[in-house]
Each structure stands twice: as structure tokens, then as C-alpha cells.
Amino acid sequence: GVAEAAALLLAAKRPLIICGDKVADAHAVRELTALAELLGAAVYNEVLPSRLNFPNQHPHYRDRGANDQATLRRLVGDADAVLLVGGEFFEELWYSDVSPFPEDASVIQIDPSPRNLARNYTVHCGLVADVKAALAALTAELAKGASKAYQTAAAQRRKELQGLKAKEVERQQARVKETWDQDPMSSARLMAELKAAVPPGTAVVQEAITASADLTRTFTFETELDFLASRGGGIGQGLPGGIGYKLAYPERPVLCISGDGSSLYTIQALWTAAHHKIPVVFVILNNRVYRILKINMTRFRSEFGLGGERAFPHMDLTEPGLDYVELAAGFGMAAKAVRSAAEVGPAVREADRKSVV
């Protein structure tokens, strides 16, 4: 099976990898990185991941996948071989009657569970295997079979991906610069301030749903243990996730970033952290709205042809507004309201010096 998968990939001129959370579960990020570099393949995360599964600042990393097949098809582009590794392919949120793969593309899938292989799409080669072991074996087989011509073509693909990543970095830097003086602060500026404020080795646990793109374009995550997010489309996992992470890895500083709406599903987690003296720095982004729900509702309305100006009842966190400093105090936790971007760094550094924040 490994030899068959390698033959399909070596025959490809435009290979692509889409990975899922079982890569991180298997501690196989290093193996997937080596494979991607050997192939000269771009790498996408799955649609709703809780891990990055691939170093996010690596030249080969593109983004997470899309939540409908039509957009996935655009991301896949003209790939002639697609390697699916350790994920749920795909957790589609919006139905579209389009295959995510080109008709002539070879599809290879690796998963530890047989129920996942070809569950939604036909595959040309499916390997039931430990993800880490399969990636190592496949990389060895590819290295053995790669001709000089293939190696040259892969090097050219790597060069092109480096150029794309450089442009992405420039765009994010421009976004930060353009929004630097916005009031209220932009999520791009906020993430830049947070990155500069946290100590080395900080793990980020996040449920900042509508600010997550700025987060992953700003921070650098290299290993399986650097980043944790909410799994799937559920809401409220962020605050308790930060606590769970700190209990699992007590030696690492933990920064937990949550949207205000998401935090309210499990706000009592602050009491748990205070009661058990679990040192996590919590940052709640208070835009006073369930923004992701408004975004989804707008798309629902568009799907059903209900355009125009329509209200979003019960999705604003106003009248009255919520005071998260008082809420934290009520749960026994010290807190501070940050009202300008310049205050972010000092507040986080102060919080990091305390046992519970």
C-alpha cells in the first residue's frame, strides 16, 4: 500500500496535502513536514481543526480548509494528486453539489480507522495505519523512488511556495500597519501586541472565532503542543480548554484567548481556575456581539435569497452591556479592562506575573 501511494505521488506534477487533527494526535507534525518538503506540496488544514497539524509559518502551509465543497474545490485548484492525512474529510457546513477534487486527480488517504477511509469520497489508495508510522514509511519510499527530474520539479514547487508565503507575510504586516490606530483596536493589532507580550514557549488556546485568522497569521506555532482550538463548530470550549491545557502541561505558560460570546457558555471556568489556583492568562475579546452567528445568519439568508437589511435579534450583548472585570471578580479572579491597544502588552505582562489572572 505504501508503494502504491508513493507511485501515485511520484507521478504527480501538482501534489497537495490536506491534513487533520490525527496528525497532531500521533505527534507526527515533523513527519508530515518532511513529506511535504520532499513532495514540494502545499498543505491545508482540515475544515474545523483544533490543532494546526503543520507549522503555520512554514512556506508550505496555506491555511485551513473551507466549509463548503465549492470553495474547497477552488483551494485544491488543479492538483493532480491529493493526500488526505488523519482528518474528517470533510465536515461540510454549507452544501454544494461539487466534488472537492479534480476529475483526474489521484486521491490517497491515511487514517488509523477503517471507517474513515473513503467515507465521503472515493480514494485511489487508502492506508489504514498509524499516522506517524505511515508518513515516515511513505517519505522513505518517495525518497527511494524520486528521480533527478522529480527532485528538480519539487525544488521548483518549494520555491514557488516560499514566494506565496512571503506575500502572505507582507499582506499581514500591511494589515497591521493599516489598522494600527483603529479605535476600537483591530484584531490584527491586538494579535501583534499579544505576540510581543507573551514569554517564550507560551502555548495558545483560542476560541477567538472571528479573530482566529489574524491570530494564526501572527503567532508562530511549530509543534503539536503550541496551539489548541475548539474542535468542530461547538462554542464554549475555550476557557475550560485553557485550564485543561495548563493541567496537562504545567511547565508551559498558557495564553487563553476567547471571544466574549464564546466565553459566556462556560464563564464559570474562571472560578475553577481561581479556586484551584491554575495559572492561565485569559484574554476575552469584548466586541459585544455574537459575530460568528451574524456571519452565519447572513449566509443562511443569502442561501435562501433573503437579502437586504434585516435585523439580528438576540445576537448583541448589549442593553445591558457585560462587565467582564466584575464577572471575573465575582468568581474570585483578578482582572483588568484594556481599552486601548497600547495597554495590551503591559496588562498581559502584569497578568503573567500573577499566579491566577
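**Helix packing, two sheets and the spaces between**

Helix 6 (residues 148-178) packs against helix 7 (residues 187-197) at an angle of about 105°, and their axes lie 8 Å apart. That makes helix 6 roughly perpendicular to helix 7 (65 to 115 degrees; under 35 is roughly parallel, over 145 roughly antiparallel, the rest oblique). Helix 6 brings Gln172, Arg175 and Val176 to the contact, and helix 7 brings Ser187, Ala188 and Ala192 (contact means heavy atoms within 4.5 Å). By class, this contact has 3 nonpolar, 2 polar and 1 charged residues. Ala, Val, Leu, Ile, Met, Phe, Trp, Tyr, Cys and Pro count as nonpolar, Asp, Glu, Lys and Arg as charged, and the others, Gly among them, as polar.

The model is predicted: local features need pLDDT of at least 70, side-chain atom pairs count only at pLDDT 80 or more, and totals for chains, interfaces and linings use all residues. Residues are numbered from 1 along each chain as its sequence is written, and side-chain values use heavy atoms, with hydrogens and water left out. Helices (H or I, at least four residues) and strands (E, at least two) are DSSP runs, numbered from the N terminus. Axes are lines fitted to C-alpha atoms, for helices over the stretch in contact, and angles run from 0 to 180 degrees between N-to-C directions.

Strand 4 (residues 81-85) and strand 5 (residues 106-111) pair in the parallel sense over 5 bridges. There, alanine 81 stands opposite serine 106 in strand 5.

Another open sheet has 4 strands in the order 8-7-9-10, and the pairing is parallel. Its edge strands are strand 8 (227-229) and strand 10 (281-285), each pairing on one side only. Strand 9 and strand 10 pair over 5 bridges. Isoleucine 257 has valine 283 of strand 10 as its bridge partner. Helix 9 (residues 238-248) lies across strand 7 (203-207), strand 8, strand 9 and strand 10, running at about 170° to strand 9.

Next come the spaces. On a 1 Å grid over the protein atoms alone, a cavity is a set of points where a 1.4 Å probe fits but cannot get out, and a pocket is an open set with protein on both sides within 12 Å along at least five of seven lines; lining residues have an atom within 4 Å of a point. The second largest pocket has a volume of about 320 Å³. Of its 18 lining residues, Arg14, Pro15, Leu16, Ala42 and Leu161 are the closest to its centre. Helix 6 gives the largest share of this lining, 4 residues.

The second largest cavity has a volume of about 50 Å³. Strand 9 (254-259) and helix 14 (344-352) each give two or more residues to its lining.

Definitions and conventions:
Grid points are joined across faces, edges and corners, and a volume is the space filled by probe spheres set on the points. Two strands pair if DSSP finds at least two bridges between them.
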